[in-house]
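Thanks for making the time this morning. I would like to walk through one model, beginning with the whole chain and then moving to its sheets and its cores.

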Amino acid sequence: MRKCSLFGFLLLLFISQAYAQKDLPLKIWYDRPADASVKDKATGWDNNPEWLRAMPVGNGFMGAMIFGDVKKERLQLNEKSLWSGSPNDENNPDAFAALAEIRKLLFEGKYKEATALTLKTQVCKGPGSGQGNGADVPYGTYQTLGDLWLEFDRKSDYSNYRRELDLQRSVATITYLQDGITFKREIFASFPDRAIVIRLTADKKSSISLTAQMDRRERFSLSSSSDHLIMSGTMKDGKGGEGMKYAARLKAITKGGTQNISDAGISIKNADEVVMILTASTDYKLDYPAYKGSDPLNTSLSQLQKASVQSYDQLLKKHVSDYRALFSKVSLNISGISADTIPTDRRLANQKNADDLHLQELYFQFGRYLLISSSRAGSLPANLQGLWANTIQTPWNGDYHTDINIQMNYWPADLTNLSECHGPLTDLIESLVKPGTKTASVQYKAKGWCVHPITNVWGFTAPGEHPSWGMHLGAGAWLCQHLWEHFTFNPDKKYLERVYPIMLESARFYLDWLVKDPANGKWVSGPAASPENSFKAPDGSIAQITMGPSHDQEVIKELFENVMNAGNVLQRKDPTLDQIRNVIKEMALPQIGPDGRLMEWREPFEETEPTHRHVSHLYMLYPGKSIDPGKTPQLALAARKSLDARTDIGTGWSLAWKINFWARLKDGERAYQLLKNLLNPVDNYGINMSNAGGTYANLFCGHPPFQIDGNFGGTAGIAEMILQSHLEEDGVHVLQILPALPRAWANGEVRGLKARGGFEVNISWKNGVMEKCEVRSLAGNDLKMSYEGKTGSMPTRAGKTYSFTPASFR
């Protein structure tokens, strides 16, 4: 390996001060409101277009979509633990008896018979997810908390309208001129105070008159106390009884004017200023098997009392300080603009055939904003819609899909320096071990724990109701990848000691699950599907189930490697590690097919849908780490051919995944084209599972319908084009600088990205060439870097920052 000259004589220069941050105009803004009078569709599978023009705020626990309508404002509300359903044992004790016969049939090539037996036996015992419509079954669905309506007395015309979401402060603001008076609304969701805060002001005294009401489509009652409004209710448990309880409280604090409170709402007349505080809670707790927490009436009251004794300025200061401690750690400047004069929806519509670099940097930071807003310490993790859902039946139940979707939600967490937001995912994975251990035992007579492609807040780990998608058993291994990855970014042995047993027990399951392929003696997984894809079997049938699909082999092998690495770090001597070491040597690995593509299944089957949204067999390219153009050129070429065949169309999240694939292949131009495809404006609000992915007016990702994972995947992809650190040499992660920089990003600067090994990285570049790179060591680990094919290494000291220029890489 060639050493960089500056590593020898200039790298003793420690830089303690960062570059001066350039204040970019990071605001999503519009010159017209979203229409609050448009009703939500009866089914959540058909999005309300106006809801997708509203602005999201959130604090990890609660959220709101702000329409900004002048005469009647709507804040659509969410509390992230609000689910219908209840715990329900759907493990199938009859599944194991058929397992050996299914495997035999598959090894013999009798796919039609194997599929029939799988359909009959390898399913959950109950209704499962209700085919993604779980509102009335035990699986349940994530639901809207309801709406807060602010109906203003003034009904005259208005002008000078603007609504904006300030990503730097996490504050939404609406201003307009009406009857010669300038009105202003400020709204934010505070994590420190667990409340949504609204302030209404005007530049003329006694000008604010309105009525505030809360409601919900079903299962709610309204009441009032001496100083606030209460909405409460109980969800369906999916078994004909009562389920989760919830409560929301609204208090208005006025300056001037009068206020009247009744069960129907809060009436305010002629106020100078109004501050409203909204709190909400449920009786849910992430604690198997009861999942029962505190009384939401008491919790929401305590929250309201603590928040309402503070002034608005105190609440705002705490909120902004807390939020900026996370958000301001990373900046990205590729546009160089100092002012944003184009409304965001117009930018989105206009950029289809142009390079709107500001929109791209805005989209990057919006993804970070959404993760901070939907995933905070102590909360549930971000679900399929983050925490924003406006219906009773949310698409796909707004749950946690574990065959890519929840994983994609957390791809940007560590890389974009939001490691503090990763905790809820760790908590969820940890909570699945006990129910997953029961599933492994009942379904498969196996040790360890497992989970299939979906889970919910009730610990559902059984297969889905149809094996074509429900027999994805690679999910546990993929989830455990996030536990190890989080450690590689944040080398904290205490964290590793916590998650190592989770990873080890997952590996124990796979040791029992894998079987020998009689054709070659290799260990294979199965019966299993390559997530949601189908193929034409040699016997003429259309099948999904096979033995040894590439995705399973890849994620299980990587889990085994990660468990062994974790065991080495912690100096563990568990005999299971020896067993893993022996099995991994004889695992079947994905092969290159006759057409040059990486095979998705153990044989070169023909796909029924060549452009399918899932590209699961390329896991080992991304987010895995086993394919690299420099280290494994043949596999990289096979992956490229596979991506070419899949094409550049897809659902929103599929497009986001492909950005990351092409970044890993070091093809910045193709990654950039996929980013532009992801930013394609979407006007499809129903279901499209193949080729309509893009971005809605409020920058939410369109599957369609809305699904938030594409936002997070897109943010991760942008970062991956600028910095990569997944490859290792001699056990040390290599920081690859500007590995997939597109021509459109000729000049730019990024600050604060995180790299594996425990580093923070700042990079500036001009005319496509790195100008300067600063690396701050967080853990004192050895540093290896790569730029334009040249590498170098050096020891570091924790807390020190090291500076490099192109001359460093002579």
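Let me start with the surface: the chain exposes about 27,200 Å², and carbon and sulfur atoms supply 50% of that area, where accessible areas come from the Shrake-Rupley method with a 1.4 Å probe and, for residues, only the protein chains shown count as cover. Please keep in mind that this is a predicted model, in which local features need pLDDT of at least 70 and side-chain atom pairs count only at pLDDT 80 or more, while totals for chains, interfaces and linings use all residues. Residues are numbered from 1 along each chain as its sequence is written, and side-chain values use heavy atoms, with hydrogens and water left out.

As for overall dimensions, a compact globule of 810 residues would have a radius of gyration near 28 Å, and the chain, at 27 Å, agrees with that; the radius is taken over C-alpha atoms, and the globule rule is 2.2 Å times the number of residues to the power 0.38. Along the principal axes, the C-alpha atoms fill a box of roughly 80 × 70 × 50 Å. Of the 810 residues, 64% count as buried, meaning under 20% relative accessible area, with exposed being over 50% and partly exposed in between, for a 1.4 Å probe and protein chains only. Among contacts (heavy atoms within 4.5 Å) between residues at least 6 apart in sequence, 69% join residues at least 24 apart.

The chain has 20 helices and 37 strands, which are DSSP runs numbered from the N terminus, H or I of at least four residues for helices and E of at least two for strands. An open sheet of 9 strands, with antiparallel pairing, has the order β1-β6-β7-β8-β9-β16-β13-β12-β11, and two strands are said to pair if DSSP finds at least two bridges between them. Because β1 (27-30) and β11 (221-224) stand at the edges with a single partner strand each, one side of each is left without a neighbour in the sheet. Neighbouring strands here are turned by 15° against each other on average, direction ignored; axes are lines fitted to C-alpha atoms, for helices over the stretch in contact, and angles run from 0 to 180 degrees between N-to-C directions. Helix α5 (residues 312-327) packs on this sheet, touching β7, β8, β9 and β16, and its direction makes about 50° with that of β8.

Strand β3 (residues 62-66) pairs with β4 in the antiparallel sense over 5 bridges, and the two form a hairpin with 5 residues between them, where G68 in the turn has a positive phi of about 75°. Strand β5 (residues 146-152) is joined to β4 by 6 bridges, again antiparallel, and L75 stands opposite L148 in β5.

Finally, the cores, each a set of buried Ala, Val, Leu, Ile, Met, Phe, Trp, Tyr and Cys residues joined through side-chain atoms within 4.5 Å. The largest nonpolar core has 233 residues, and those with the most contacts inside it are F560 and W745. Helix α14 (residues 493-513) gives the most to this core, with 12 residues. Apart from it lies another core, of 12 residues, among them V171, A195, L315 and V320.
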